[in-house]
Every structure is written in structure tokens, then in C-alpha cells.
Amino acid sequence: MSRPAIPREIKRAVLIEAGHRCAIQTCKYPAVDVHHIIPWEKTKDHNYDNLIALCPNCHRRADRGEIDRKSLRMYKAQLSASIGEHAVVTNQEYYIINESQEGHPGYEFEFKVPRFVDPDLRVVEDYFRTLGNRLLHEHRNYHYLLEPLDIEFTMGPNLTTGSFEIMWLTSLLVSIKYRIYEYGSGAMHGNGKSITRTYLRDPVQHLDLKHLFNSEDYLLILSKLTREALLQDGGRDEFWVRGGTEPLEKNFASFNLVSGGLLLTFDEYVVDCYAAGPQVIEISWGKLKDIMNPRLLFLSSQSLG
Ligand SMILES: [Zn+2]
């Protein structure tokens, strides 16, 4: 079987995932090739999850095995964890909850917990440390007790990563977005999901979506606004978009407040295909003004300052 070219959409998605730069964070060289993590000769296909953008130098090192498959999977997982464009704090301190298993190179858990200096935000830190530890226990149970650990048999790593971005941080509010990525051995591809938390400060209070609005119709309004935005830039399947934006609480559970307004994240498969990655829609304060909880209207004026 001769090797067909990588389909153009898949190649584009792989390049976009890496920002058209080498996927190795410390390299980031701007000229890139698309590399097969498991060689094409073995898989005989161009699956998005098996492809990574590498510069010619890193590509050679990967071909020689100096950068092994597990490392490439980790680099790729880090790409899908980075959701950078809206983040306001890029140098946030964190510590890592991690675990690996001696002799089982496929077993990897890594979860970042933000470390806050301000005393009121310690409770936020506690929340995420607890979340990280809970995910670690799930990871152990699933990958250690239920799954074979031998990477040679299973082809894929048993990987869970969690990384976060601070989407907005002021003296009155903090809004955080997590990206959890899991890759189970034998799975066709990894599984990404977003977890978001927004808190008012002084005193710290967790905000649910419903707290943001004074109108009973907020789900209908969010549904309408996100449908318009998602269908506007074309290329999406209308049926798919409608399903993922039905006026149900769960469809809008991943939200952040950012300086521009309300940011909604739709995970893979919700409004678009897996290769498209998570989709993000921002609704400006101006569009929200009339339906917002009057007690939170100060947030929109804060963003001007
Ligand atoms: Zn490179």
C-alpha cells in the first residue's frame, strides 16, 4: 500500500493545534512538518491524534528515537491543554500533583494547581487541589486496576493531565479554566474536557451560571446568541450546532467571565468534530447588560478600567 497524502483538513488542524510552530514548547521553531507519532507503516492511516507538528530538527530527533513516542504524546497533550488567547495571567505560580509508575512508561498523571498569594484565594486553591487528588484516584483506579499497563501491548499511554488558565483576575473576581485531557490505552484518541470556576472575592463566593442573570429566559438567550456566533463563521454543521446549544444548563456549564464579557467553551463533539478542538464563544457585556443580575453589573464597568 503506497502512502496517501495527509488530508488537507487534518494537516491544517494539526498545524493550528501547534500554532504553526514546533509542538515542543521550548523549541517553537516556526517552520514545521507533520510527524506521525506511531509510524505510518504501522497504523496505515493519518489519524489526527497520531500527528504532531515538529520542526525539521525535532523531527529528525524523533525519527532517531531521541524524542520518544511517550514524550511526543505528552507534548501533544500540552498543546490541547493550552487555551491561551484569553488568559490574563500567564505567569501564575502553580505546583504539580503527579504520579508515574516505575517500569510502566505509559502511566502518567500530571495536574497543575494554582498557588495564590492573596489569603482569600486559598479556598480556591484548596478546591483545585481536591479536584486534582480526586482525578488522581480515578486515574489510579482506571489505569492501574482496570487497564493493562504495558505500553508495548496497548500502543498508547495511560495519561491524565490537567492544566489551567486564569481568564480574569481582579480584586473583585477570579475566573479559571481547566483543561483535563485523558488518554486511555487502546483508545482511538484522547478525550479533552473543560472545567471552569468563577468566584466573586471578598468574601469568596462561587458563581453558577444562573447567578449571572436576572431573567428566567437566560438559557434561551444564550442559546440564540451562541448559535448565531457558531454558525456565522461557516463550516459547521447546523444540526450539530443546534444540538450542542439547546437551551439546557449543561450546554453552558463551561463559562468564564473575562474582561470582554462572558466566555463559553464547548468541548469536543459538542458543536463540532473532535479535530476542531474545543470551541470558544465570547458574548460581550453590551449584549448581556439587559439580562444580567443587577448585583453583578459592576463587573462590566470594571472591565473598562
Ligand atoms: Zn523543534
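Q: What counts as two residues being in contact here?
A: Two residues are in contact if their C-beta atoms, placed from the backbone, lie within 7 Å. The structure above is a predicted model.

Q: Which residues does L257 touch, then?
A: Leaving aside residues up to four places away in sequence, L257 touches W168, L173, S175, T198, L262 and L299.

Q: And which residues touch the most other members of the largest nonpolar core?
A: That core has 34 residues, and those touching the most other members are L173, I176, F255, L257, L262, L263 and L264.

Q: Which element gives the most to this core?
A: Strand β6 does, with 7 residues. Other elements that each supply at least two residues include α5 (122-146), α7 (218-232) and β10 (261-266).

Q: Why does the core lie between domain 2 and domain 3?
A: Both domain 2 (84-206) and domain 3 (211-302) give residues to the core, so it lies between them.

Q: Which residues does the second core include?
A: The second core is separate and has 17 residues, among them A23, I37, Y48 and C58.

Q: Changing topic: how many helices and strands are there?
A: The protein chain has 10 helices and 11 strands. Of its 305 residues, 31% are buried.

Q: Which element has the lowest mean pLDDT, and which the highest?
A: Helix α6 (residues 151-154) has the lowest, at 48, while strand β8 (residues 205-206) has the highest, at 95. For the protein chain, the mean pLDDT is 84.

Methods. Residues numbered from 1 in each chain as written. Predicted model: local features only at pLDDT ≥ 70, side-chain atom pairs only at ≥ 80, totals over all residues. pLDDT = per-residue confidence, 0-100. Helix = DSSP H or I, 4+ residues; strand = E, 2+ residues; numbered from the N terminus. Buried ≥ 20, exposed ≤ 12 C-beta atoms within 10 Å, placed from the backbone. Core = buried A, V, L, I, M, F, W, Y, C linked by C-beta atoms within 7 Å. Domains from an automatic or database assignment.
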